[in-house]
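Student: I would like to go through this structure with you, step by step. Could we start with the strands and then turn to single residues?

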Amino acid sequence: MKMIAINKSASFEYFLIDKYEAGIVLEGSEVKSLRNGRASLSESFCEIRAGEIFLKNMHIAIYDKSGAFSTRESRKDRKLLLHKEEIAKITGRVNEKGYTLVPLRLYFKDALIKIEVALAKGKHTYDKKQTIAERDVKRATDRELKNYRTF
């Protein structure tokens, strides 16, 4: 499994509840660009329209050798492919207060391009501060364990 892009801020900004693996509808030139690793999930989000889920604001760089037949829009909406039952479950949860659908990572699975999305609930500032404190404590203990030697 080769990673293409990771949304590092998602786990900091949200509590991740359920994760789903989805396919994504792409053009040939976009696939070529993804094979070169030229994508970003940093400002992307998911939207539900008419029983379908779309990924908005994901940047895929324009493939320079694609010619005149490729689209020249790098941040267009891209449809995600999920089962109807999964879409219904996600739609029911997103309609509740505070839940959203966040893209986590984009990767190759065999020859297919998959995206992992998570049903998430937003964190408050005090939750974010607690996450930072836990990360600092873990880093300090790892540093101490690394420096500790047994004789």
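**Strands, helices and selected residues**

Tutor: In this predicted model, Ile24 stands opposite Leu80 in β7.

Student: Which residue of another strand stands opposite Leu80 in β7?

Tutor: Ile53 stands opposite Leu80. The pairing of β5 with β7 is antiparallel and runs over three bridges, and β2 pairs with β7 in the antiparallel sense over two bridges.

Student: Which residues of β7 are on its covered face, and which on its uncovered one?

Tutor: Arg78 and Leu80 make up the covered face of β7, while Lys79 and Leu81 belong to the uncovered face. As a general point, side chains in a regular strand alternate between the two faces of the sheet.

Student: In what order do the strands of the sheet come?

Tutor: The order is β1-β8-β9-β2-β7-β5-β4, an open sheet of seven strands with antiparallel pairing. β1 (2-6) and β4 (45-49) each have a single partner strand and stand at the edges, so one side of each has no neighbour in the sheet. From one strand to the next, the twist averages 40°.

Student: How many bridges join β1 to β8?

Tutor: Four bridges join these two strands, and they run antiparallel; β8 covers residues 99-109. Within this pairing, Ala5 stands opposite Leu106 in β8.

Student: Which strands does helix α2 touch where it packs on the sheet?

Tutor: Helix α2 (residues 28-35) touches β1, β7, β8 and β9 (112-122), and its direction makes about 75° with that of β8. Helix α3 (residues 84-94) also packs on the sheet, touching β2 (14-24), β4, β5 (52-56), β8 and β9. The direction of α3 makes about 150° with that of β2.

Student: How many aromatic pairs does a search of the whole structure find?

Tutor: The search finds zero aromatic pairs.

Student: You mentioned Arg105. Which side chain does a polar contact of 2.7 Å join to that of Arg105?

Tutor: That contact joins the side chain of Arg105 to the side chain of Glu116. Glu116 is located in strand β9.

Student: Does Glu116 count as buried or exposed?

Tutor: Glu116 counts as buried, because its relative accessibility is 13%, below the 20% cut-off. Leaving out residues up to four places away in sequence, Glu116 touches Lys19, Tyr20, Val102, Pro103, Leu104, Arg105 and Tyr107.

Student: What about Gly122: which strand is it in?

Tutor: Gly122 is also placed in β9. At 35% relative accessibility, Gly122 counts as partly exposed. Apart from residues up to four places away in sequence, Gly122 touches Glu13, Tyr14, Phe15 and Gly98.

Student: One last topic, the backbone. What is the phi of Ala50?

Tutor: Ala50 has a positive phi of about 50° although it is not a glycine. Most residues other than glycine have a negative phi. Ala50 lies in the loop between β4 and β5, and with 84% relative accessibility it counts as exposed.

Student: And where is Asp110 placed?

Tutor: Asp110 is in the loop between β8 and β9. Asp110 has a positive phi of about 60°, and it is not a glycine. Its relative accessible area is 79%, so Asp110 is exposed.

Methods: Residues numbered from 1 in each chain as written. Predicted model: local features only at pLDDT ≥ 70, side-chain atom pairs only at ≥ 80, totals over all residues. Heavy atoms only, no water. Phe/Tyr/Trp six-rings, centres within 6.5 Å; stacked < 30°, edge-to-face > 60°. Pairing = 2+ DSSP bridges. Axes fitted to C-alpha atoms, helices over the stretch in contact; angles between N-to-C directions. Contact = heavy atoms within 4.5 Å. Buried < 20%, exposed > 50% of the residue type's maximum accessible area, 1.4 Å probe, protein only. Polar contact = N/O pair within 3.5 Å; in protein donor to acceptor, adjacent residues only side chain to side chain.
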